[in-house]
Amino acid sequence: MATIRSFFSSRWGPIITGLLIGIIAPLLVNLGNPGNMGICVACFSRDIAGALGLHRAAAVQYIRPEIIGFVLGALVAALIFREFKPRAGSAPVVRFVLGVFAAIGALIFLGCPWRAYLRLGGGDWNALFGIAGLIIGVSVGIVFLRRGFSLGRNRPTSTAAGWVMPALMIGLLLLLILAPLFGCDTNGVPSGPIFFSEKGPGSQHAPILIALGAGLLIGMLAQRSRFCTIGALRDTILLRDTHLLNGILALLAAAFVTNLVLGQFKPGFENQPIAHTDVVWNIGGMVLAGLAFTLAGGCPGRQLILSGEGDGDAAIFALGMIVGGAFAHNLNLASSATGISPYGGAAVIAGLIVCGALGLTLREPHTA
């Protein structure tokens, strides 16, 4: 046990995790997930919101087992290594708002940080602009961190509280498997409360058990290695520490090779799956997402892993992303393959103003 613990805390932990993600994600695409979207926490959170009826964009409604697996895999690893430590109380409402804007920014780019690198590994050069925006957003967040930004400290809470997010994931899994029908639409056809896309990205998915297994494995390894795409950029810029950055490089390399082997590497800007070529808002969306992730303390994958460890604040952020995914479609903010929506740019500007205000005003509270 001690040997495993020390191995994953070494430089090899993030590398192994990155390699695994870079291999599994293209395989999931090959098995049915949308193109260059083997794993995307933002898009998958949006799909879950649609499946629960929080938005009615019929093309993006599905309960993604990968998200469930991340949380439950992290839970298993945390229990095995005695790192399940329920805690909460660090500006939960602020974290929820950051989660909402992080999802909106990511859906304007059309991908979370994980998908940005996976898109690049599949040959989508538009991802370069998203990654540039991500670096800018993280850099702005670092400025706020240096000025003393803090969401405060969370504190130990009851064991039951730590199990809430895993329990919600188990509930989602049951809804996915059982797909209950509790009512009828206006035509008398049985429907809801769970909705599944019949066409579009939401209808494209790998087999449930394979997707769940992939999520569980990634969740366990990411919990052990502390894999985080935002933490990698933050630590590299702020501390000149490339420990986590090695994981991103491994992910990119593995995704590139796996896509080549599977015949899925298609380089270029045009006609990339679920992507657009608007340079300004590819950058702008990820500036907003990167800033929100940095202020919240980690990328969306890391937030799910932390919630599996019993971190209630991370769970609030993750739930904020689900709600943000719903807002992005209900308010016509999310981009599509044809480009940015009429209101997407305004949403980015509004999000930057809100996140900037939070970054300037929030400090660690002092106690007497």
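Tutor: A disulfide is a pair of cysteine sulfur atoms within 2.5 Å. The model here is predicted.

Student: How far is the sulfur of cysteine 228 from the closest cysteine sulfur?

Tutor: Cysteine 228 is buried, at a relative accessible area of 6%. The closest cysteine sulfur belongs to cysteine 299, and the gap is too far for a bond. The distance is 3.8 Å.

Student: How many disulfides does the structure hold?

Tutor: Cysteine 112 is in no disulfide, as the nearest cysteine sulfur, in cysteine 40, lies 3.9 Å away. For the structure, the number of disulfides is zero.

Student: Is cysteine 112 buried or exposed?

Tutor: Buried means under 20% relative accessible area. Cysteine 112 has a value of 0%. Cysteine 112 is therefore buried.

Student: What span does helix H16 reach from its first C-alpha to its last?

Tutor: H16 runs over residues 344–361, which is 18 residues. At 1.5 Å a residue, 26 Å is expected, and the model comes close to that. The span reached is 26 Å.

Student: Within what arc do the buried residues of H16 fall, seen down its axis?

Tutor: The buried residues of H16 include Gly344, Ala347, Val348, Gly351, Cys355 and Leu358. They line one face of the helix, while Ala346, Ile353 and Thr361 on the other side are exposed. The arc is 160 degrees.

Definitions and conventions: Residues numbered from 1 in each chain as written. Predicted model: local features only at pLDDT ≥ 70, side-chain atom pairs only at ≥ 80, totals over all residues. Heavy atoms only, no water. Buried < 20%, exposed > 50% of the residue type's maximum accessible area, 1.4 Å probe, protein only. Helix = DSSP H or I, 4+ residues; strand = E, 2+ residues; numbered from the N terminus. Expected span 1.5 Å × (residues − 1). Arc of directions from axis to C-beta.
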